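Try each task before you read its solution.

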Amino acid sequence: MSLKIDAKIQKWGSGLGLKISGPMKDIPHFFENTPVTVEVFEDGFTIKKVTPPIAINLPYSEEQLLEGLNPYTAHADLLATPLDSEWLNE
């Protein structure tokens with residue numbers, strides 16, 4: 001959906017505000033106290049609803065995965081040793 005609306009930024013308390021009214025207030029899923037992200041550009045800004053992260057239920061916790069781990073079971077002896085030519089020389 002694309003809609004162009006002319007509006008005016010006005011003084012609001014000690015700051016500035018843009019009233020969301022008319023067709024803008026009918027944007028789906030935008031209600032009072034909806035969390036938004038504002039992305040600012042040189043010539044304006046965009047406002048988008050914050051999308052909550054998707055909850056993922058993994059079969060094991062970090063604690064369960066690390067249970068009983070030691071240098072031998074973690075195969076620390078198999079870790080690669082970088083060559084001198086592989087190091088960044090800053």
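This is a predicted model: local features need pLDDT of at least 70, side-chain atom pairs count only at pLDDT 80 or more; totals for chains, interfaces and linings use all residues.

**Exercise 1. Describe how strand β3 and strand β4 are joined.**

Solution. Start with the ranges. Strand β3 covers residues 36–41 and strand β4 covers residues 44–49. Next, the direction: the two strands run antiparallel, with six bridges between them. Then look at the link. A hairpin of two residues leads from β3 to β4.

**Exercise 2. Compare the radius of gyration of the protein chain with that of a compact globule of 90 residues.**

Solution. Take the reference value: a compact globule of 90 residues would be near 12 Å. The protein chain has 26 Å instead. Then take the spans of the C-alpha trace along its principal axes: about 65 × 40 × 30 Å.

**Exercise 3. State what share of the residues is buried, and what share of contacts is between residues 24 or more positions apart.**

Solution. Buried means under 20% relative accessible area. Buried residues are 3% of the 90 in the protein chain. Now the contacts with a separation of 6 or more: residues 24 or more positions apart account for 6% of them.

**Exercise 4. Characterise the surface and the charges.**

Solution. The accessible surface is about 9,400 Å², and carbon and sulfur atoms hold 58% of that. Count the charged side chains next: 7 are positive and 13 are negative. The centres of these two sets lie 29 Å apart.

Key: Residues are numbered from 1 along each chain as its sequence is written. Side-chain values use heavy atoms; hydrogens and water are left out. The radius of gyration is taken over C-alpha atoms; the globule rule is 2.2 Å times the number of residues to the power 0.38. Buried means under 20% relative accessible area, exposed over 50%, partly exposed in between (1.4 Å probe, protein chains only). Contact means heavy atoms within 4.5 Å. Accessible areas come from the Shrake-Rupley method with a 1.4 Å probe; for residues, only the protein chains shown count as cover. Lys and Arg count as positive and Asp and Glu as negative; His and the chain ends are not counted. The place of a charge is taken as NZ of Lys, CZ of Arg, CG of Asp or CD of Glu. Two strands pair if DSSP finds at least two bridges between them. Helices (H or I, at least four residues) and strands (E, at least two) are DSSP runs, numbered from the N terminus.
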